[in-house]
Amino acid sequence: MVTLGALTFATPWVLTALAVLPLVWLLLRVTPPAARCLAFPAIRLLFGLTSPEKSSARTPLWLLLLRLACIALLIVALSEPVLNQRQAMQSSPLVVVVDDGWAAAPQWTQRQSALVRVLEGAERESRPVMMVTTAPAQAGTAAALSFAPPGQALSLARAMTAKPWPTNRTNVVQRILDSDLRPPAEALWLTDGVASTADKEMSEFLQKLGRLTILTDANRSGPFVLGPADRVPEGDDNVIEVTVRRPATPIAPPMTTAIAALDETGRTVARAEANFEDGNSVSTARFTVPTELGNRMARLAVENSAGAASVYLLDDRWTRRPVGVVSDNLDGIVTPLLEDGYYVTQALLPYAEVRSGTLPSLLQRDLAVMVLASGNRVTAPEVTLLEPWIERGGVLVRFAGSTLDGNVDSLLPVRLRGGGRTFGGTMSWTEPVGLAPFPEESPFAGLAVPDDVLVSSQVLAEPSPGLTGRTWARLEDGTPLVTADRRGQGWVVLFHVTATPEWSTLPLSGVMVDMLRRVLDLSRGVNEATSTLPQSLPAREVLTGDGQLITPPPTVLALDRDDIGDPDIGPSRPPGYYGAGATRIAVNLGPTIGPIDAQGAWQSNIAVTNFDAVAAERTLKPWLLFAALVLFTADLIVSLILRGLLSMPQAGRVGATAALGLLIITTSSYPALAADEEVDPATIDAVLETRLAYVRTGRTNIDQLSAQGLGALTGVLAARTSAEMAAPAEVDPETDELFPYPIVYWRIAPDQEPPSEQATARINDYLGRGGTIVFDAPNQIGANEGDEGEQIGQALNNVLMHLNVSQLMQVPENHVLRRSFYLLPDLPGRYTGAPVYVERGSVSNDGVSSIIIGSHDWAAAWARDSRGLPIYPAVPGGERQREWSYRFGVNLVMYALTGSYKADQVHLPAIMQRLTQ
Amino acid sequence: MTATAQTLQHNAELAASTLPPLLIDANRVAATVSLGSHGRRRAGPGDTFWQFRHYTQSDPAHTIDWRQSAKFGPVFVREREWDAAQTGALWCDSSPSMAFRSSIKLPTKAERAGVLGLGLASLMLQGGERVSLLGFNTKAASGRLALIQMAHHLERAITEAKPTDLPHAPESLPRHSAVVLISDFLVPIKTLETALVSFVGRAVHGHLLQILDPAEESLPYNGRIRFQGMEEEGQLLIERTEDVRADYQQRLADHRAQLTALSNRIGWTFGVHHTNRPPHTALVSLHNRLAEQPW
């Protein structure tokens, strides 16, 4: 190894080959370039001619230099030069100790590239390497330490990630002693900068092996540890306080760190700053957010600092306050404004998850608040269900009602008098009464009292000594309006009016929303009581070392219920979310980390350097080889030109090709895109142009009639409207796609088979996505002989039976179909007078009927032969009726193409008038 | 397009193409020339109407045009234009040395020779003459079909580019025919002389047209070049081609002077054409030269 300034050559003896360069120079100089070959007819005239000077053909100087440079580059590349190589003990084994715990995560990429550089250096020098990681390995992958070839260690290092758990340096010394290490050896320690009790012992041991170099981050400001966090109720807003810590050193400078609160999708909901005082290692960030924003927060994270310790996961205890509104409605149809629970649900929806259902079904899941809006009494079995729930912290909110007469059950905060009180009725002198200011000790304290809340009926509490303490809201005359009683950890709250505006205007008022929110804030998180949790909580999602949530690997063990407060975070239990079903418990790394101290000064005989110094090391061999290859290619092209085997433009092409080839060699290629799915060419044709279509019936005469009819109609459309369509297509729902066609004409044949299951699905899909099918079932007397008309009717029924058809109606006078282009009094075809049916108010397609059923044999009226003459007579109206039938055809296609646009146009004058006002 | 369709199309094109590409070129060139040249304007045996004249006693009775006579009174005889056919013999060199071009923008010498030969043949056939192609063992023929046949022969010969000797006068060649030889004449002058001797005794009017590539004229190459003969003459390495350029041009001029002298000696004419020049000029001068000849 020879060092030349910043350059170090691994195999310097190769450089002696540079001595042969002058020889090559001479050789190239003497050898003339190869002659170019030329076929020439007049060669007879050339024979005997010689040029006077023989030795004038020489390799040009620039080409000579090009070739010499190519050879020189090759020689230098083979001597394996390295820029900025770290000085190392030669040929001794290398012990690399890597801290890969949570504290290493913030600067992991720098750490990893430094590690890779070190190992690449070892690979050049063929030194055996022993890699020691201080964080416990993933369960099941731990192995005894041993020396490995550097290539193997290199691939390990490239795949290495920071672990979301703490390092354990105490057993490193013992592990190295147990291995096959024989001193002397050079040791490297990539430390994360967080002190531990074993540091001194470890560094001394490593130093004694031979030589110890410690690699640290050059300019680190972390790692930051987040947590614990706490919710502090403060007025209307939610205040969340989270503790931020950094390694404690006496010289820590003052600094500010930003903490972001993110929602489930990773968007920032709120942002707070933690200010570290000079020399202080603990700070607090305060998030002040409205409840609805607070409920969206899913995690807190230190900005610009990756790592599991810099993430604090929030779980259901933070966000979810599910409210159950008891409803006896089993059919699920909610009648707005009249339903008992409607006002409560509307008031709470923005702030909480509101569920509706019967009382037992609601209690099957976790609830923070339950609302009994109906004012009905609670039956004995329900009481036995509710009481334990309230004891555990549930809040029961009840409203009065006509049936809540006296002390009907035990779940009332106060004793009630029998019979209610009514103000301002027809038989009463009194006026409806407003609200009094809320008492100081009430949770509603501070809410503004609106003067538009008037109570006309209420249930009355029996006077008792404790009544004042239990009253949260009063009327102006002092009678309690809201009373509450603490039961265990929970509450029973009674509104002395109904949940509907029947007894008071309270449900209509904004103060009701605020009151319910205060009640909501009273409730505790649904998972507060851990005793209700299952004993064993399997991992849902776990954090990686850099703070990303992933599906847990199979080695992760379940969390015991009793360990939630103090989880033992390690390889088998990484931080993350635990629990199954509705349960989701966040296990955070931050709070479990004890005091963190920065590593102090090292002994004087230990070399300390930083990652950047190592990362500056650069192997020059590949670059030199590449440059040599480029020069060689250029030389090749130039030689070919000089020999006349390549003309100048050809040379340009070859040069471009060679450059491209080199580019492909040096960059990775992308996999070719998979071939497109095969599409039926007929479908492509159909998609490229708009066209009408008819359903193939299998009867030649009917299919021909449909084709002629639609062909003539297409001509009429092109002549009279801007709908210029291609020739009509024949489709078979059994095999063809229908979606390319805006409208499909289906003339029913007497022996029409009902469509198969596949075809039915296709037709229903077509109808559901906005397609239109016109069924034409001519069954007039005289239209067909015998009972064929009847057969056609039956066949139509068979077809329609399989399709998704909503209720039908006759085309009304003002239907869009009658005025989408022409104004049509009736809808004639070859025949007229029979009813035409459309769907009644179809909601799915913007009010456009997807089915039109008639029996006027429209195609027969439209059909013209090759000379353009009508084929069938129109009865009874003759040619005038045929004109009307064309107009109907135009309307039909316009209806299919434009939908309800014309119906909207009808309202245009009204809209314009409103806009101008 | 599938393989069968391609084959079909190819066959169809083959069947439809009565004119080889060479002939199309030649016809185009000839069309621009024929405007200025005319046939023999006198009465004689032929098909085309020439004039009516009064009946003389020497005229056979069947020559009387009764219709014309009835119209005007005197007896008229219908005379036709004389179209006595002469014979032209053409030779286009198609040896390998003719398959040379110095740039892909130029035609090969053989192609240019073919175009000129066929163009001349086309002009002569339009004039009602009979034309034969030397070296193919064909008889002199007239009419459009003969032209197409000649085109096919020439085209095949140019594609094959087989070494060929200079032509000798065939037995069937009539006296006083016109003979045109088109070649680069890069052969020893002796060889050419022996070949031409056979024509001399036949009292034919001859013309030599030398076709040369511009590169053969100027030798525009530089540097070290290994020249390769195209007719197995061997090869020659020249170190600095630019040094021998003047000598080469001198030799070429000498050779051409010898050719001129030879043709003058036997009463023939000699012309030079370069492939970078348009073919029309060569064709016009060739045609005029033939037209000047007393037939």
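**Figure 1. Confidence of the predicted model, chain by chain.** Chain B has a mean pLDDT of 79, and 81% of its residues reach 70 or more. Within chain B, the pLDDT falls below 50 over residues 14-19, a stretch with 3 contacts in the model beyond near neighbours in sequence. The pLDDT is also below 50 over residues 34-39 of chain B, where the model has 7 contacts beyond near neighbours in sequence. Because this is a predicted model, such values accompany every view below. For chain A, the average pLDDT is 81, and 88% of the residues score at least 70. Residues 668-676 of chain A stay under 50 in pLDDT, and this stretch has 1 contact beyond four places in sequence. For the complex, the predictor gives an ipTM of 0.70 and a pTM of 0.44.

**Figure 2. The contact between chain A and chain B.** On the side of chain A, 21 residues are in contact with 27 residues of chain B. Strand E3 (36-39) and helix H2 (43-46) of chain A each contribute at least two residues to the side of chain A that touches chain B. By class, the residues on this side of chain A comprise 15 nonpolar, 2 polar and 4 charged.

**Figure 3. A strand of chain A paired with a strand of chain B.** Strand E3(A) pairs with strand E7 (residues 225-228) of chain B. The two strands run in the parallel sense, and 4 bridges link them. Within this pairing, A:Leu38 is placed opposite B:Phe227 of E7(B).

**Figure 4. Helix H3 of chain A packed against helix H16 of chain A.** Helix H3 covers residues 61-78 and helix H16 covers residues 621-642. Their axes come within 8 Å and cross at roughly 155°. An angle over 145 degrees counts as roughly antiparallel, and H3(A) and H16(A) are therefore roughly antiparallel to each other. The crossing of H3(A) past H16(A) is left-handed. The residues that H3(A) brings to the contact include A:Leu63, A:Leu66, A:Cys70, A:Leu73 and A:Ala77. Those of H16(A) include A:Leu624, A:Ala628, A:Leu631, A:Phe632 and A:Val638. By class, this contact has 16 nonpolar, no polar and 3 charged residues. A:Arg67 of H3(A), together with A:Lys621 and A:Asp635 of H16(A), is among the residues that meet here.

**Figure 5. Helix H1 of chain A packed against helix H3 of chain A.** Helix H1 (residues 21-30) packs on H3(A) at an angle of about 150°, and the two axes are 10 Å apart. The crossing of H1(A) and H3(A) is right-handed. From H1(A), the residues A:Leu21, A:Val24, A:Trp25, A:Leu28 and A:Arg29 take part in the contact. From H3(A), they meet A:Leu64, A:Arg67, A:Leu68, A:Ile71 and A:Ala72. The residues of this contact divide into 8 nonpolar, no polar and 2 charged.

**Figure 6. An open sheet of four strands in chain A.** The sheet contains 4 strands in the order E27-E26-E29-E30, and the pairing is antiparallel. Strand E27 and strand E30 (585-587) of chain A stand at the edges, each with a single partner strand, so one side of each has no neighbour in the sheet. Strand E26 (residues 539-543) is joined by 3 bridges to strand E29 (residues 576-578), and A:Val542 stands opposite A:Gly576 in E29(A). Strand E29(A) is joined in turn to E30(A) by 3 bridges, with A:Tyr578 having A:Ile585 of E30(A) as its bridge partner.

**Figure 7. The hairpin of strands E26 and E27 in chain A.** E26(A) and strand E27 (residues 549-550) pair in the antiparallel sense over 2 bridges. The bridge partner of A:Val542 in E27(A) is A:Ile550. There are 5 residues between the two strands of this hairpin, and A:Gly547 in the turn has a positive phi of about 90°.

**Figure 8. The hairpin of strands E11 and E12 in chain A.** Strand E11 (residues 255-262) and strand E12 (residues 268-276) pair in the antiparallel sense over 8 bridges. A:Ala261 stands opposite A:Ala270 in E12(A). The hairpin has 5 residues between its strands, and A:Gly266 in the turn has a positive phi of about 90°.

Conventions. Residues are numbered from 1 along each chain as its sequence is written. Chains are lettered from A and ligands numbered from 1 in the order in which they are written. This is a predicted model: local features need pLDDT of at least 70, side-chain atom pairs count only at pLDDT 80 or more; totals for chains, interfaces and linings use all residues. Two strands pair if DSSP finds at least two bridges between them. Two residues are in contact if their C-beta atoms, placed from the backbone, lie within 7 Å. Ala, Val, Leu, Ile, Met, Phe, Trp, Tyr, Cys and Pro count as nonpolar, Asp, Glu, Lys and Arg as charged, and the others, Gly among them, as polar. Axes are lines fitted to C-alpha atoms, for helices over the stretch in contact, and angles run from 0 to 180 degrees between N-to-C directions. Angles under 35 degrees count as roughly parallel, over 145 as roughly antiparallel, 65 to 115 as roughly perpendicular and the rest as oblique. A crossing is left-handed if the near helix is turned anticlockwise from the far one by less than a right angle, and right-handed if clockwise. pLDDT is the predictor's confidence in each residue, from 0 to 100.
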